[in-house]
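Hello,

Here is the structure I promised to pass on to you. Have a look at it first, and then read on for what turned up.

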Amino acid sequence: MKCLIREEWTGTPAKIGLLAVLTIILAVLTYVCLTSNTQVLFTHLYYIPIILAAYWYGRRGVLYAAGLAVMYLFAVFAFSSVDTQIILAASGRALFFIGIALVIALLSTAIHRQQESVTRSEEQFRGIWKNIQAAIILVDPETHTIISANPEAERLTGFTQEDMTGHICHDFICPANRGNCPITDRGLTVDRTERILLAREGKKVPALKTVTDATLGGRRILIESFIDITPVKEAENVLLAYLREATLRTRNPVELVRDNLREIREGLKDQQSTPDAVATALAVQERHMDDIVHNLQELEQAVAEKRTEIPEALREYLQR
Amino acid sequence: MAVFSISEDDKRIILALSPSRTYRENTVRMIQEIQRTGSLRIIVICVNQPAAFLKDFYTKNGIDTNRIFFIDAITQYATGTTPAPLDNCRFVSKPNDLTAMGIAVTTILKQFEGERTVIFLDSVNAMLIHTSSVDLSKFIHFIISKLRILNIAGILLAVEKGLDPVLLTQLTTFADDLVEFPEGNTS
(Lines give C-alpha, C1' and ligand atoms only; values in the text may rest on other atoms or scores of the structure.)
Protein backbone atom coordinates (compact mmCIF):
# COMPACT_ATOMS: atom_id res chain seq x y z
CA MET A 1 0.00 0.00 0.00
CA LYS A 2 2.86 2.31 0.86
CA CYS A 3 4.38 1.58 -2.50
CA LEU A 4 1.24 2.63 -4.34
CA ILE A 5 0.77 5.95 -2.58
CA ARG A 6 3.41 8.67 -2.69
CA GLU A 7 5.19 9.27 0.60
CA GLU A 8 3.84 12.83 1.07
CA TRP A 9 0.28 11.53 0.62
CA THR A 10 0.42 8.85 3.29
CA GLY A 11 -0.06 11.23 6.27
CA THR A 12 -3.34 11.29 8.24
CA PRO A 13 -4.71 14.58 6.70
CA ALA A 14 -4.19 13.22 3.19
CA LYS A 15 -5.98 9.97 4.12
CA ILE A 16 -8.88 11.80 5.75
CA GLY A 17 -9.06 14.13 2.72
CA LEU A 18 -9.14 11.21 0.31
CA LEU A 19 -11.87 9.45 2.34
CA ALA A 20 -13.88 12.69 2.50
CA VAL A 21 -13.65 13.18 -1.27
CA LEU A 22 -14.61 9.55 -1.91
CA THR A 23 -17.54 9.89 0.54
CA ILE A 24 -18.84 13.01 -1.26
CA ILE A 25 -18.45 11.30 -4.66
CA LEU A 26 -20.31 8.26 -3.30
CA ALA A 27 -23.09 10.45 -1.85
CA VAL A 28 -23.57 12.24 -5.18
CA LEU A 29 -23.36 8.97 -7.13
CA THR A 30 -25.86 7.29 -4.77
CA TYR A 31 -28.29 10.17 -5.18
CA VAL A 32 -27.96 10.17 -8.98
CA CYS A 33 -28.23 6.37 -9.29
CA LEU A 34 -31.14 5.97 -6.86
CA THR A 35 -33.12 8.83 -8.39
CA SER A 36 -32.62 7.21 -11.81
CA ASN A 37 -33.81 3.92 -10.26
CA THR A 38 -30.43 2.15 -10.51
CA GLN A 39 -30.07 -0.11 -7.45
CA VAL A 40 -26.91 -2.11 -8.21
CA LEU A 41 -23.38 -1.71 -9.57
CA PHE A 42 -22.64 1.72 -8.01
CA THR A 43 -22.68 0.07 -4.56
CA HIS A 44 -19.44 -1.77 -5.47
CA LEU A 45 -17.68 1.61 -5.37
CA TYR A 46 -18.42 1.71 -1.61
CA TYR A 47 -15.77 -0.98 -1.11
CA ILE A 48 -12.95 1.36 -2.10
CA PRO A 49 -13.28 3.84 0.86
CA ILE A 50 -14.40 1.01 3.20
CA ILE A 51 -11.28 -1.11 2.48
CA LEU A 52 -9.01 1.94 2.68
CA ALA A 53 -10.55 3.15 5.96
CA ALA A 54 -10.49 -0.31 7.56
CA TYR A 55 -6.89 -0.88 6.46
CA TRP A 56 -5.70 2.52 7.63
CA TYR A 57 -7.75 3.00 10.80
CA GLY A 58 -8.74 -0.51 11.98
CA ARG A 59 -11.72 -0.33 14.37
CA ARG A 60 -12.38 3.33 13.55
CA GLY A 61 -12.47 2.27 9.91
CA VAL A 62 -15.31 -0.15 10.82
CA LEU A 63 -17.22 2.79 12.33
CA TYR A 64 -16.68 4.71 9.06
CA ALA A 65 -18.01 1.70 7.14
CA ALA A 66 -21.06 1.62 9.48
CA GLY A 67 -21.59 5.33 8.78
CA LEU A 68 -21.47 4.72 5.03
CA ALA A 69 -23.93 1.82 5.45
CA VAL A 70 -26.34 4.11 7.34
CA MET A 71 -25.91 6.80 4.66
CA TYR A 72 -26.63 4.25 1.94
CA LEU A 73 -29.71 2.89 3.75
CA PHE A 74 -30.99 6.43 4.38
CA ALA A 75 -30.55 7.22 0.66
CA VAL A 76 -32.41 4.05 -0.33
CA PHE A 77 -35.31 5.01 1.95
CA ALA A 78 -35.25 8.61 0.76
CA PHE A 79 -34.71 8.33 -3.00
CA SER A 80 -35.99 4.96 -4.18
CA SER A 81 -39.40 3.38 -4.23
CA VAL A 82 -40.18 1.61 -0.96
CA ASP A 83 -40.10 -2.04 -1.82
CA THR A 84 -39.44 -4.89 0.64
CA GLN A 85 -37.08 -6.62 -1.74
CA ILE A 86 -35.11 -3.44 -2.36
CA ILE A 87 -35.00 -2.72 1.40
CA LEU A 88 -33.81 -6.24 2.17
CA ALA A 89 -31.15 -6.13 -0.57
CA ALA A 90 -29.95 -2.71 0.64
CA SER A 91 -29.79 -3.94 4.25
CA GLY A 92 -27.81 -6.98 3.11
CA ARG A 93 -25.35 -4.72 1.24
CA ALA A 94 -25.02 -2.44 4.30
CA LEU A 95 -24.26 -5.42 6.53
CA PHE A 96 -21.77 -6.67 3.96
CA PHE A 97 -20.03 -3.26 4.04
CA ILE A 98 -19.59 -3.63 7.80
CA GLY A 99 -18.52 -7.30 7.49
CA ILE A 100 -15.88 -6.47 4.87
CA ALA A 101 -14.63 -3.59 7.05
CA LEU A 102 -14.37 -5.93 10.07
CA VAL A 103 -12.34 -8.55 8.16
CA ILE A 104 -10.01 -5.92 6.65
CA ALA A 105 -9.58 -4.26 10.07
CA LEU A 106 -8.61 -7.59 11.67
CA LEU A 107 -6.15 -8.40 8.87
CA SER A 108 -4.77 -4.86 9.02
CA THR A 109 -4.23 -5.11 12.79
CA ALA A 110 -2.40 -8.42 12.34
CA ILE A 111 -0.24 -6.99 9.51
CA HIS A 112 0.56 -3.85 11.54
CA ARG A 113 1.58 -5.96 14.54
CA GLN A 114 3.87 -8.06 12.36
CA GLN A 115 5.31 -4.95 10.74
CA GLU A 116 5.95 -3.39 14.13
CA SER A 117 7.65 -6.57 15.29
CA VAL A 118 9.81 -6.70 12.15
CA THR A 119 10.62 -2.99 12.44
CA ARG A 120 11.50 -3.34 16.13
CA SER A 121 13.68 -6.34 15.40
CA GLU A 122 15.38 -4.53 12.52
CA GLU A 123 15.93 -1.46 14.69
CA GLN A 124 17.46 -3.64 17.40
CA PHE A 125 19.67 -5.36 14.85
CA ARG A 126 20.69 -2.02 13.27
CA GLY A 127 21.40 -0.57 16.73
CA ILE A 128 23.58 -3.54 17.67
CA TRP A 129 25.23 -3.65 14.22
CA LYS A 130 26.11 0.03 14.41
CA ASN A 131 27.04 0.38 18.08
CA ILE A 132 28.59 -2.95 19.11
CA GLN A 133 32.22 -2.62 20.18
CA ALA A 134 33.21 -5.54 17.98
CA ALA A 135 34.00 -5.44 14.28
CA ILE A 136 31.65 -7.72 12.35
CA ILE A 137 32.36 -8.74 8.79
CA LEU A 138 30.08 -11.04 6.80
CA VAL A 139 31.91 -13.22 4.29
CA ASP A 140 30.63 -15.51 1.56
CA PRO A 141 32.29 -18.90 2.31
CA GLU A 142 32.25 -19.95 -1.36
CA THR A 143 33.92 -16.93 -2.93
CA HIS A 144 35.50 -15.41 0.22
CA THR A 145 34.13 -12.05 -0.78
CA ILE A 146 33.05 -9.60 1.89
CA ILE A 147 29.29 -9.12 1.93
CA SER A 148 28.99 -6.48 4.62
CA ALA A 149 30.90 -4.80 7.45
CA ASN A 150 29.68 -2.83 10.45
CA PRO A 151 30.94 0.67 11.47
CA GLU A 152 33.35 -0.80 14.07
CA ALA A 153 34.92 -2.88 11.28
CA GLU A 154 35.29 0.34 9.30
CA ARG A 155 36.92 2.04 12.30
CA LEU A 156 39.26 -0.86 12.98
CA THR A 157 40.39 -1.45 9.41
CA GLY A 158 40.24 2.13 8.18
CA PHE A 159 38.31 0.94 5.10
CA THR A 160 34.74 2.02 4.38
CA GLN A 161 32.05 -0.59 3.89
CA GLU A 162 32.06 0.28 0.17
CA ASP A 163 35.83 -0.42 0.07
CA MET A 164 35.32 -3.81 1.65
CA THR A 165 32.14 -5.06 0.04
CA GLY A 166 32.83 -7.41 -2.86
CA HIS A 167 36.53 -7.60 -1.98
CA ILE A 168 38.13 -11.01 -1.32
CA CYS A 169 39.17 -11.20 2.32
CA HIS A 170 42.61 -12.81 1.71
CA ASP A 171 45.47 -10.31 1.86
CA PHE A 172 42.87 -7.60 2.41
CA ILE A 173 41.70 -8.00 5.97
CA CYS A 174 42.98 -11.54 6.60
CA PRO A 175 46.69 -12.44 6.43
CA ALA A 176 45.93 -16.06 5.40
CA ASN A 177 46.79 -16.89 1.80
CA ARG A 178 44.21 -17.88 -0.78
CA GLY A 179 43.44 -21.59 -0.49
CA ASN A 180 44.67 -21.63 3.09
CA CYS A 181 41.61 -20.24 4.84
CA PRO A 182 41.59 -21.60 8.40
CA ILE A 183 37.81 -22.07 8.29
CA THR A 184 36.83 -23.23 4.82
CA ASP A 185 40.09 -24.86 3.69
CA ARG A 186 41.64 -26.18 6.90
CA GLY A 187 38.43 -26.79 8.82
CA LEU A 188 39.66 -25.07 11.96
CA THR A 189 37.46 -23.50 14.59
CA VAL A 190 38.23 -19.87 15.32
CA ASP A 191 36.72 -19.02 18.66
CA ARG A 192 38.13 -15.99 20.46
CA THR A 193 41.51 -16.78 18.95
CA GLU A 194 44.24 -14.17 18.85
CA ARG A 195 44.63 -13.19 15.20
CA ILE A 196 45.81 -10.27 13.11
CA LEU A 197 43.36 -8.06 11.25
CA LEU A 198 44.89 -6.29 8.30
CA ALA A 199 44.01 -2.62 8.10
CA ARG A 200 44.60 0.25 5.69
CA GLU A 201 48.23 1.03 4.79
CA GLY A 202 49.40 -2.42 5.90
CA LYS A 203 48.68 -1.75 9.56
CA LYS A 204 48.22 -4.89 11.61
CA VAL A 205 45.62 -4.84 14.36
CA PRO A 206 45.80 -7.58 17.00
CA ALA A 207 42.30 -8.91 17.62
CA LEU A 208 40.35 -11.73 19.23
CA LYS A 209 38.62 -13.36 16.29
CA THR A 210 35.54 -15.55 16.26
CA VAL A 211 34.06 -17.05 13.12
CA THR A 212 30.55 -18.50 13.08
CA ASP A 213 29.13 -20.44 10.16
CA ALA A 214 25.51 -19.29 9.81
CA THR A 215 22.61 -19.27 7.37
CA LEU A 216 20.94 -15.91 6.81
CA GLY A 217 17.99 -15.60 4.43
CA GLY A 218 18.65 -19.11 3.12
CA ARG A 219 22.24 -18.21 2.29
CA ARG A 220 25.29 -19.68 4.05
CA ILE A 221 27.65 -16.99 5.36
CA LEU A 222 30.59 -16.65 7.71
CA ILE A 223 30.08 -14.14 10.50
CA GLU A 224 33.56 -12.95 11.47
CA SER A 225 33.81 -10.83 14.60
CA PHE A 226 36.93 -9.09 15.87
CA ILE A 227 37.59 -7.49 19.24
CA ASP A 228 40.46 -5.03 19.20
CA ILE A 229 43.07 -6.07 21.79
CA THR A 230 45.62 -3.36 20.95
CA PRO A 231 45.45 -1.85 24.49
CA VAL A 232 46.01 -5.33 26.00
CA LYS A 233 48.97 -5.88 23.69
CA GLU A 234 50.37 -2.45 24.56
CA ALA A 235 50.01 -3.23 28.27
CA GLU A 236 51.76 -6.56 27.67
CA ASN A 237 54.58 -4.79 25.85
CA VAL A 238 54.90 -2.28 28.69
CA LEU A 239 55.10 -5.17 31.15
CA LEU A 240 57.67 -6.94 28.98
CA ALA A 241 59.69 -3.72 28.70
CA TYR A 242 59.49 -3.37 32.48
CA LEU A 243 60.64 -6.96 33.04
CA ARG A 244 63.38 -6.49 30.46
CA GLU A 245 64.64 -3.31 32.09
CA ALA A 246 64.36 -4.90 35.54
CA THR A 247 66.46 -7.85 34.39
CA LEU A 248 68.98 -5.68 32.57
CA ARG A 249 69.45 -3.26 35.43
CA THR A 250 69.20 -5.51 38.46
CA ARG A 251 69.55 -9.26 37.94
CA ASN A 252 72.35 -9.22 35.34
CA PRO A 253 74.38 -6.55 37.19
CA VAL A 254 74.13 -8.61 40.40
CA GLU A 255 75.65 -11.51 38.49
CA LEU A 256 78.34 -9.15 37.22
CA VAL A 257 79.18 -7.95 40.75
CA ARG A 258 79.32 -11.59 41.89
CA ASP A 259 81.87 -12.33 39.16
CA ASN A 260 83.83 -9.17 39.98
CA LEU A 261 84.02 -10.15 43.65
CA ARG A 262 85.26 -13.58 42.67
CA GLU A 263 87.91 -11.90 40.51
CA ILE A 264 88.98 -9.65 43.39
CA ARG A 265 89.14 -12.67 45.73
CA GLU A 266 91.31 -14.54 43.22
CA GLY A 267 93.48 -11.43 42.82
CA LEU A 268 93.99 -11.36 46.58
CA LYS A 269 94.76 -15.07 46.73
CA ASP A 270 97.33 -14.84 43.94
CA GLN A 271 98.66 -11.55 45.37
CA GLN A 272 98.12 -10.01 41.93
CA SER A 273 96.71 -6.74 43.25
CA THR A 274 97.98 -4.20 45.73
CA PRO A 275 95.86 -3.65 48.88
CA ASP A 276 94.96 -0.16 47.62
CA ALA A 277 93.79 -1.51 44.30
CA VAL A 278 91.75 -4.20 46.06
CA ALA A 279 90.21 -1.61 48.41
CA THR A 280 89.22 0.56 45.43
CA ALA A 281 87.89 -2.45 43.56
CA LEU A 282 85.76 -3.40 46.57
CA ALA A 283 84.51 0.20 46.88
CA VAL A 284 83.53 0.04 43.21
CA GLN A 285 81.56 -3.16 43.77
CA GLU A 286 79.90 -1.61 46.83
CA ARG A 287 78.91 1.36 44.67
CA HIS A 288 77.64 -1.02 41.99
CA MET A 289 75.44 -2.68 44.62
CA ASP A 290 74.17 0.71 45.82
CA ASP A 291 73.20 1.61 42.28
CA ILE A 292 71.55 -1.75 41.70
CA VAL A 293 69.42 -1.20 44.83
CA HIS A 294 68.64 2.30 43.54
CA ASN A 295 67.62 0.84 40.17
CA LEU A 296 65.37 -1.64 41.91
CA GLN A 297 63.71 1.15 43.89
CA GLU A 298 63.20 3.18 40.71
CA LEU A 299 61.55 0.24 39.00
CA GLU A 300 59.35 -0.49 42.03
CA GLN A 301 58.29 3.15 42.13
CA ALA A 302 57.51 3.11 38.43
CA VAL A 303 55.24 0.13 39.00
CA ALA A 304 53.60 1.72 42.03
CA GLU A 305 52.91 4.97 40.18
CA LYS A 306 51.55 3.34 37.05
CA ARG A 307 49.46 0.54 38.55
CA THR A 308 46.31 1.99 40.08
CA GLU A 309 45.10 -1.33 41.45
CA ILE A 310 48.02 -1.51 43.91
CA PRO A 311 46.71 -0.96 47.46
CA GLU A 312 47.73 2.34 49.07
CA ALA A 313 49.76 0.67 51.84
CA LEU A 314 51.74 -1.40 49.35
CA ARG A 315 52.22 1.66 47.14
CA GLU A 316 53.69 3.59 50.09
CA TYR A 317 55.92 0.65 50.90
CA LEU A 318 57.17 0.43 47.32
CA GLN A 319 57.76 4.19 47.15
CA ARG A 320 59.64 4.31 50.46
CA MET B 1 80.29 -15.95 15.12
CA ALA B 2 83.96 -15.30 14.37
CA VAL B 3 87.26 -16.13 16.04
CA PHE B 4 88.80 -12.99 17.53
CA SER B 5 91.60 -11.56 15.44
CA ILE B 6 92.65 -8.03 14.69
CA SER B 7 95.10 -6.41 12.30
CA GLU B 8 96.82 -3.03 12.29
CA ASP B 9 94.48 -1.60 9.70
CA ASP B 10 91.37 -2.95 11.34
CA LYS B 11 88.51 -0.49 11.51
CA ARG B 12 85.84 -2.89 12.57
CA ILE B 13 83.49 -2.47 15.49
CA ILE B 14 83.39 -5.82 17.24
CA LEU B 15 80.87 -6.99 19.79
CA ALA B 16 82.62 -9.55 21.98
CA LEU B 17 80.43 -11.80 24.10
CA SER B 18 82.07 -13.90 26.76
CA PRO B 19 80.73 -16.29 29.37
CA SER B 20 80.88 -14.62 32.79
CA ARG B 21 83.25 -17.26 34.25
CA THR B 22 85.92 -16.64 31.62
CA TYR B 23 85.19 -12.97 31.02
CA ARG B 24 88.46 -11.56 32.40
CA GLU B 25 90.60 -14.31 30.82
CA ASN B 26 89.02 -13.63 27.44
CA THR B 27 89.62 -9.89 27.89
CA VAL B 28 93.30 -10.59 28.55
CA ARG B 29 93.46 -12.83 25.47
CA MET B 30 91.94 -10.10 23.31
CA ILE B 31 94.35 -7.44 24.59
CA GLN B 32 97.29 -9.81 24.04
CA GLU B 33 96.02 -10.42 20.48
CA ILE B 34 95.81 -6.66 19.90
CA GLN B 35 99.29 -6.08 21.31
CA ARG B 36 100.64 -8.82 19.05
CA THR B 37 100.09 -6.42 16.13
CA GLY B 38 102.73 -4.22 17.75
CA SER B 39 101.51 -0.78 16.81
CA LEU B 40 97.94 -0.56 18.06
CA ARG B 41 97.24 1.57 21.12
CA ILE B 42 94.38 0.47 23.35
CA ILE B 43 92.01 2.83 25.12
CA VAL B 44 90.05 0.98 27.80
CA ILE B 45 86.86 2.59 29.09
CA CYS B 46 86.48 1.06 32.56
CA VAL B 47 83.06 1.00 34.09
CA ASN B 48 83.19 -2.42 35.72
CA GLN B 49 86.52 -2.46 37.59
CA PRO B 50 88.80 0.46 38.55
CA ALA B 51 91.73 1.26 36.29
CA ALA B 52 94.30 0.58 39.06
CA PHE B 53 92.93 -2.91 39.61
CA LEU B 54 92.83 -3.66 35.88
CA LYS B 55 96.33 -2.28 35.41
CA ASP B 56 97.69 -4.65 38.09
CA PHE B 57 95.72 -7.53 36.61
CA TYR B 58 96.95 -6.87 33.08
CA THR B 59 100.55 -6.42 34.20
CA LYS B 60 100.43 -9.73 36.08
CA ASN B 61 99.16 -11.36 32.89
CA GLY B 62 102.07 -10.13 30.83
CA ILE B 63 100.37 -7.21 29.13
CA ASP B 64 102.33 -4.07 28.36
CA THR B 65 100.20 -1.43 30.11
CA ASN B 66 102.34 1.40 28.68
CA ARG B 67 100.41 1.09 25.44
CA ILE B 68 97.06 1.06 27.22
CA PHE B 69 95.22 4.24 28.18
CA PHE B 70 92.38 4.02 30.70
CA ILE B 71 89.30 6.18 30.90
CA ASP B 72 88.16 5.33 34.42
CA ALA B 73 84.53 6.23 34.95
CA ILE B 74 84.01 4.38 38.20
CA THR B 75 86.79 5.00 40.75
CA GLN B 76 85.98 8.63 41.56
CA TYR B 77 82.29 7.80 41.66
CA ALA B 78 82.83 4.83 43.99
CA THR B 79 85.32 6.35 46.41
CA GLY B 80 83.75 9.81 46.47
CA THR B 81 87.19 11.45 46.32
CA THR B 82 89.48 12.50 43.54
CA PRO B 83 91.74 9.49 42.96
CA ALA B 84 95.53 9.76 43.03
CA PRO B 85 96.83 10.40 39.52
CA LEU B 86 97.59 7.23 37.62
CA ASP B 87 99.81 6.95 34.56
CA ASN B 88 97.93 6.67 31.29
CA CYS B 89 94.62 7.22 32.98
CA ARG B 90 91.94 9.87 32.88
CA PHE B 91 89.15 9.86 35.46
CA VAL B 92 85.57 10.69 34.68
CA SER B 93 83.39 11.68 37.63
CA LYS B 94 80.38 9.41 37.01
CA PRO B 95 79.68 6.44 34.76
CA ASN B 96 76.19 7.80 33.98
CA ASP B 97 77.61 11.13 32.81
CA LEU B 98 77.69 10.00 29.22
CA THR B 99 78.45 13.50 27.95
CA ALA B 100 81.62 13.69 30.09
CA MET B 101 82.54 10.21 28.93
CA GLY B 102 82.01 11.22 25.31
CA ILE B 103 84.21 14.31 25.81
CA ALA B 104 86.91 12.17 27.46
CA VAL B 105 86.90 9.72 24.54
CA THR B 106 87.10 12.60 22.03
CA THR B 107 89.96 14.26 23.95
CA ILE B 108 91.99 11.06 24.27
CA LEU B 109 91.50 10.19 20.62
CA LYS B 110 92.75 13.67 19.71
CA GLN B 111 95.73 13.14 22.05
CA PHE B 112 96.68 9.98 20.14
CA GLU B 113 95.87 11.38 16.72
CA GLY B 114 98.06 9.75 14.10
CA GLU B 115 98.42 6.55 16.13
CA ARG B 116 96.43 3.45 15.36
CA THR B 117 94.00 2.98 18.22
CA VAL B 118 91.46 0.47 19.47
CA ILE B 119 88.70 1.45 21.89
CA PHE B 120 87.80 -1.18 24.45
CA LEU B 121 84.52 -0.74 26.35
CA ASP B 122 84.54 -2.77 29.58
CA SER B 123 81.69 -3.49 29.82
CA VAL B 124 78.24 -2.98 28.32
CA ASN B 125 76.69 -4.89 31.25
CA ALA B 126 78.35 -2.68 33.86
CA MET B 127 77.11 0.45 32.11
CA LEU B 128 73.56 -0.84 32.55
CA ILE B 129 73.97 -0.54 36.32
CA HIS B 130 74.28 3.20 35.97
CA THR B 131 72.37 3.98 32.77
CA SER B 132 69.03 3.01 31.30
CA SER B 133 69.08 0.74 28.27
CA VAL B 134 67.75 3.58 26.09
CA ASP B 135 70.55 5.96 27.13
CA LEU B 136 73.11 3.20 26.78
CA SER B 137 72.00 2.52 23.20
CA LYS B 138 72.32 6.24 22.41
CA PHE B 139 75.78 6.42 24.00
CA ILE B 140 77.04 3.34 22.16
CA HIS B 141 75.64 4.68 18.92
CA PHE B 142 77.47 7.96 19.57
CA ILE B 143 80.78 6.21 20.33
CA ILE B 144 80.49 3.94 17.28
CA SER B 145 79.67 6.88 15.01
CA LYS B 146 82.70 8.72 16.38
CA LEU B 147 84.94 5.68 15.78
CA ARG B 148 83.64 5.26 12.25
CA ILE B 149 84.30 8.93 11.43
CA LEU B 150 87.84 8.62 12.78
CA ASN B 151 88.39 5.16 11.19
CA ILE B 152 89.15 3.58 14.54
CA ALA B 153 88.45 0.02 15.60
CA GLY B 154 86.32 -0.63 18.67
CA ILE B 155 85.53 -3.59 20.86
CA LEU B 156 82.37 -3.68 22.94
CA LEU B 157 82.72 -6.22 25.71
CA ALA B 158 79.69 -7.87 27.17
CA VAL B 159 78.88 -10.85 29.31
CA GLU B 160 77.05 -13.47 27.29
CA LYS B 161 73.47 -14.01 28.52
CA GLY B 162 73.75 -10.73 30.40
CA LEU B 163 71.97 -8.81 27.66
CA ASP B 164 68.41 -9.21 26.56
CA PRO B 165 67.63 -10.04 22.91
CA VAL B 166 66.39 -6.51 22.12
CA LEU B 167 69.56 -4.77 23.28
CA LEU B 168 71.71 -7.52 21.81
CA THR B 169 70.03 -7.06 18.42
CA GLN B 170 70.67 -3.30 18.60
CA LEU B 171 74.34 -3.82 19.47
CA THR B 172 74.75 -6.47 16.78
CA THR B 173 73.26 -4.03 14.26
CA PHE B 174 75.70 -1.31 15.33
CA ALA B 175 78.69 -3.68 15.22
CA ASP B 176 80.46 -5.09 12.15
CA ASP B 177 81.37 -8.41 13.75
CA LEU B 178 80.24 -10.58 16.58
CA VAL B 179 82.75 -12.64 18.50
CA GLU B 180 81.30 -15.22 20.87
CA PHE B 181 83.69 -16.97 23.20
CA PRO B 182 82.65 -20.54 23.98
CA GLU B 183 81.91 -21.67 27.54
CA GLY B 184 84.97 -22.95 29.39
CA ASN B 185 87.45 -22.05 26.63
CA THR B 186 89.72 -19.04 26.87
CA SER B 187 91.55 -19.51 23.62
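**What was found**

Strand β2, helix α2 (residues 51–60) and strand β3 of chain B make up a right-handed β-α-β unit. Please keep in mind that this is a predicted model.

Chain B has 7 strands in an open sheet, in the order β4-β3-β2-β5-β6-β1-β7, with parallel pairing. Which strands stand at the edges? They are β4 (89–91) and β7 (177–180) of chain B, and each has a single partner strand, so one side of each is left without a neighbour in the sheet. From one strand to the next, the twist averages 20 degrees. As background, strands of a sheet pair through backbone hydrogen bonds, either parallel or antiparallel.

Now for the pairings, starting with β2. Strand β2 (residues 41–46) of chain B is joined by 6 bridges to strand β5 (residues 117–122) of chain B, and the two run parallel. Here B:Ile43 stands opposite B:Ile119 in β5(B). Strand β2(B) is also joined to β3(B), by 5 bridges and again running parallel; there B:Ile45 stands opposite B:Ile71. Moving on, 3 bridges connect β3(B) with β4(B), which run parallel, and B:Arg90 in β4(B) is the bridge partner of B:Ile71.

Is it buried or exposed? In β3 (residues 68–72) of chain B, 5 of the 5 residues are buried, so this strand is largely enclosed by the rest of the structure. B:Ile68, B:Phe70 and B:Asp72 point one way from β3(B), while B:Phe69 and B:Ile71 point the other way. In a regular strand the side chains alternate between the two faces of the sheet.

How many disulfides does the structure hold over all chains? The count is 0. B:Cys46 is in no disulfide, and the nearest cysteine sulfur, that of B:Cys89, is 6.3 Å away. The cut-off for a disulfide is sulfur atoms within 2.5 Å. B:Cys46 counts as buried, at 0% relative accessibility. In chain A, A:Cys33 is buried as well, with a relative accessible area of 13%.

Definitions and conventions
Residues numbered from 1 in each chain as written. Chains lettered and ligands numbered in written order. Predicted model: local features only at pLDDT ≥ 70, side-chain atom pairs only at ≥ 80, totals over all residues. Heavy atoms only, no water. Pairing = 2+ DSSP bridges. Helix = DSSP H or I, 4+ residues; strand = E, 2+ residues; numbered from the N terminus. Axes fitted to C-alpha atoms, helices over the stretch in contact; angles between N-to-C directions. Buried < 20%, exposed > 50% of the residue type's maximum accessible area, 1.4 Å probe, protein only. Right-handed = clockwise from strand over helix to strand, strands pointing away.
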